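Hi,

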Amino acid sequence: MIAKETPGMLTPRMIKLVGIFGLLIPVLLISIFPLIVMISTSFKTSQEVYIPPPTFMPRAPTIQNYLDIWRVVPLGTYFWNSLLIGLGSTVASLVLAIPAAYALARYRFVGKSVYVLFLLGIQMFPPIVLILGLFRLIASLNMLDSLVTIVVLNAIFSLSFNTWMLMGYFMTIPPEIEEAAMMDGNSRVGAMVRMVMPLSWPGLVAVAIFSFMNGWNEFTLPLTFLQSQDKLPLTIGLFKFVTRFKVEWHQLMAASFLATLVVVVLFMLVQDQLTRGMVAVSEK
Amino acid sequence: MQNQKNGLSRRNFLKVMAMASAPLVLAACAAPAGAPASGTQGGAASQAPVELRFVAMDYDSRMQPDTQAVMDAFNKSQTASTVKLEVVGWPDGRNLLLTQISGGQAPDIFNGSGQWCLEFTSAKETAPLDDLMGKEFLDNFWESGIKAMTVDGKLYGMPYFLDPRGLYYRTDLFTEKGLKAPETWADVREAAKAISNPPDIYGFGVGPDDYWWYAWIGAIGAGNDLAPWTQDGHSRIASEEGIAAVQFLTDIVLTDKTSQPSPQNANRDSDLQPLFLGKKMAMLETGSWMPTIISHDAPDMQYDLAQLPVAKADMKHPNVFWPDAVMMANQSKQKEQAADLLKFMFNAENRLQFALQRGVIPERIDVGKDPKYVDPNDPLTKYKEFYVKELATAHNVFQTPWPATGSEDQTSVTNALAHIWLGEMSVADALTAAAKEIDTRHKLT
Amino acid sequence: MLARPGFLHRLREEWAENQLAYWLLVPSILGFAIFLVFPIANMIVTAFSDVDIMAHPTHFGTFQNFIDLAHDERMPMIIRQTCLYAFGTVLIEVIIAFPLALILNTHFPGRSLAKALLLIPWAMPYAVSAITWKWIFHGQMGSLNYLLSEVGIIKDYVVWLGNPGTAFAAAMFVEVWSSVAFMAITFLAGLQGIPPHIYDAAKMDGAGAWQEFRDMTVPQMRNVFMIVTLLSIIWAFRSFAVIWILTKGDPIFRTDIAATYLYKLAFEFRHFGQGFALSVCLFVVLTLFSVIYTRLLGAQEGA
């Protein structure tokens, strides 16, 4: 917490750094351990996967898996669909969560606590028990086999966290800013769009990333509601390597590594915004 | 400071929103394109082909392109219907089918385990196939496969390859110790003791589920009643043979300690086969797909295949299989066309290709004898011939009347084995308790 | 419920004042109404019905499913395991995530790299990470045993997923592994949101680091802490994928938790009524818990 050190006092700073890294490095190593296994396996041949002991450095490294996976499954299509679902879920989540969060942040209205409890309540059902009913509903709405369905359902299932998060952020913005804008002739909605939204940019990014991750990682919804092979996302596509009698580890790990890489790069690009966005939650 | 940032952010934000909404619009446009086709064809002119849905469970990563090729050929061969293929991962298949059928959206054709066939049939969700396929056509199939899908005299699923089992053993290790191919339980125990040297090598692969079945049929022997329940439905797992079967496994696990450790959770595909491929196991019972896997992942392995071991030397070797099935949904509104698809899928040429691609045992008698299947130049042919021969004595696990609580009953057995191997209960006690649990479930006590 | 004379009037007043708020809630409420009301109602109806093996309710209006659940001798064990799993993982997550957030809130070389690496578990599709962990835990072929024996921590290879104790611990570990990044980052955001002038004032008063932490940081973090832990506990209570992929609840239901057990009841054993009844129980328990928890932590709802 104490960011600045007194100049000249090297030893306490050194001790602190040793402490920091002593705690941090084990945690980070465990965090990335499966990634290391993933990378290492992705450069192994299918034969080497089964040679014990499982060394981390492949005995005969090969990039063949990275070439093969595109031929075995339509990986490009899967990537594209995952991207559509991820980005679509992001937009849909924002559309649903922004108005709700603004209402919660700025108004004291009858039924507010009921709404908040309701938000929490929908988190309490394991999604698997809702699937049967949801399938009947989606079928009767003629919305089967559509990416839109996945996007909308993702947005609804992640609404509680998103709304809470944004509500926290909106509350940090002084109401005076909107009042000033309204004095200048803006409507309340106009003031919200012109003043509050731009100021909440980091909070919106945070929610956007959370929603994107939800969409990108979602398994059960696309499995249940998508049928056409060319609409399937990566999460389902990766399991083409998990077959009836065995797992094609070498290819699964190569494809999974690519999938993880995409998200990590995306993360690093927007990380600062993410962190800044998260700041807002607590600023009440 | 704040102001400048806002200018930038807003532009960025709009850019992201625009970028993000483009795919949403795309998705929205793409979505309806496929949907109405299936919905509206009912009223269309009679010439227009009807659309059939085939939900195919995934056997391997080639399943999608291989099956699609068959579907394309079918679509070209006739004009009455077109097939849409949907390939689904095996572990999720049962519940996905349940969801679709329960939601009134059953695919016309789907494949799956014989167990699912019996479950869906007991809920009257599968269509009888005898008349649609015709006796002449069905005569091409192994009787045991057809019988497996027959309930109350009617056929509810086409057997979709058969999977008898065998005992794989490492010839190099056996030769080194001067051992002969194992035939009886005593042979297995002796060989396992001679070879086992944990953690470098384990003698014999043991698990619940399939492995209980191998021991069970081994205790009884071919030619006798292999069903684990009596005529009136009582469980036989705690019978003399049942106890002997589990005692055999338990001797290996607890007394000889020649199995891999912790067999109670061992899964054939994810735990035991990798051990065999890693050359850390001398003997493993598994199915006909194994030679293909070995030739890919451990091509230098020296191994051979023996019949499943029996309790005593004078017994005939039994076999056991869990047939898969292709079913037609009772909800299908186009059963005639679906039957045409089934006949096409199950013609000799397509089934030959399927068997060659997967390395599995064909359900059609003629395919099993086809010189292209048992190609003398193929090193794997001897294993194929072994399995085709084994079909004669193979017991079908899903033999009817198969109880609707089958998977729960199997769990009772699995749990009994876990109690025993965790050292919590004796063999007799655990099996007696499990048998009582099963009988209670069937309301027989 | 009493029809006071001013009721309608007050309603109209409320509407006039907060009209916009209600309009703003329309999209999300509409979303719920269209997509969630039916599935939830369907599930609850099923829980109170006789159900066939295709999950169709055949006769509504029975408590038999709940009675069967109450007579299920495995239930006490499942409840114990669920509580241990949910509270255990969240407690461990807090214990790791809070110091981690404190560390990440200081300046040190490599901080942004550390943050990026920390997020990797969250960035892996959970279905893939769970199956990868299963392979890592494999008794003989897995890299964990190899690593631990190379380092000299274990002598004999452990079949992590083969025994109830180690399998349960392994599942909890993977659950923590996959969720701790989310919690740490949210805590970090909370820490960064504490206005710096609070600390400046404290420094002037000559407060020590511990005092500062206790008097400034902890109270400021209360709301974030409440929301994150509450959501995490709820998510952990209905957690499914990790256990299902790692152990399927084996051996002998000793690694089953509520969600996996109700899935088995419903989808594996085809007792849909019982499975859904368990889900209703879970909902009631979690609602009660949420109310008590928010009261206990004394956080103000909304405003």
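Below is what I found in it, starting with how to read the model.

This is a predicted model, so to speak of local features I needed pLDDT of at least 70, and side-chain atom pairs count only at pLDDT 80 or more, while totals for chains, interfaces and linings use all residues. Residues are numbered from 1 along each chain as its sequence is written, and chains are lettered from A and ligands numbered from 1 in the order in which they are written.

**Chain C on its own**

Chain C has 14 helices and two strands (DSSP runs numbered from the N terminus: H or I of at least four residues for helices, E of at least two for strands). Its radius of gyration, taken over C-alpha atoms, is 24 Å, whereas a compact globule of 303 residues would come out near 19 Å (the rule is 2.2 Å times the number of residues to the power 0.38). Along the principal axes, the C-alpha atoms of chain C fill a box of roughly 70 × 60 × 30 Å.

As for burial, 49% of the 303 residues of chain C count as buried (20 or more other C-beta atoms within 10 Å of the residue's own, with C-beta atoms placed from the backbone).

**The hairpin**

Strands β1 (residues 49-51) and β2 (residues 57-60) of chain C run antiparallel and are joined by three bridges; two strands pair if DSSP finds at least two bridges between them. Asp50(C) has His59(C) in β2(C) as its bridge partner. Five residues sit between the strands of this hairpin, and Ala55(C) in the turn has a positive phi of about 70 degrees.

**Where the chains meet**

Where chain C touches chain A, 87 residues of chain C and 79 residues of chain A take part (contact means C-beta atoms, placed from the backbone, within 7 Å). Helix α1 (residues 7-35) of chain C gives the most to chain C's side, with twelve residues. That side has 60 nonpolar, 23 polar and four charged residues (Ala, Val, Leu, Ile, Met, Phe, Trp, Tyr, Cys and Pro are nonpolar, Asp, Glu, Lys and Arg charged, and the others, Gly among them, polar).

The contact between chains B and A takes 44 residues from chain B and 43 residues from chain A. On chain B's side, α1(B) has the largest share, 16 residues.

Cheers

Terms used
Contact = placed C-beta atoms within 7 Å. Buried ≥ 20, exposed ≤ 12 C-beta atoms within 10 Å, placed from the backbone.
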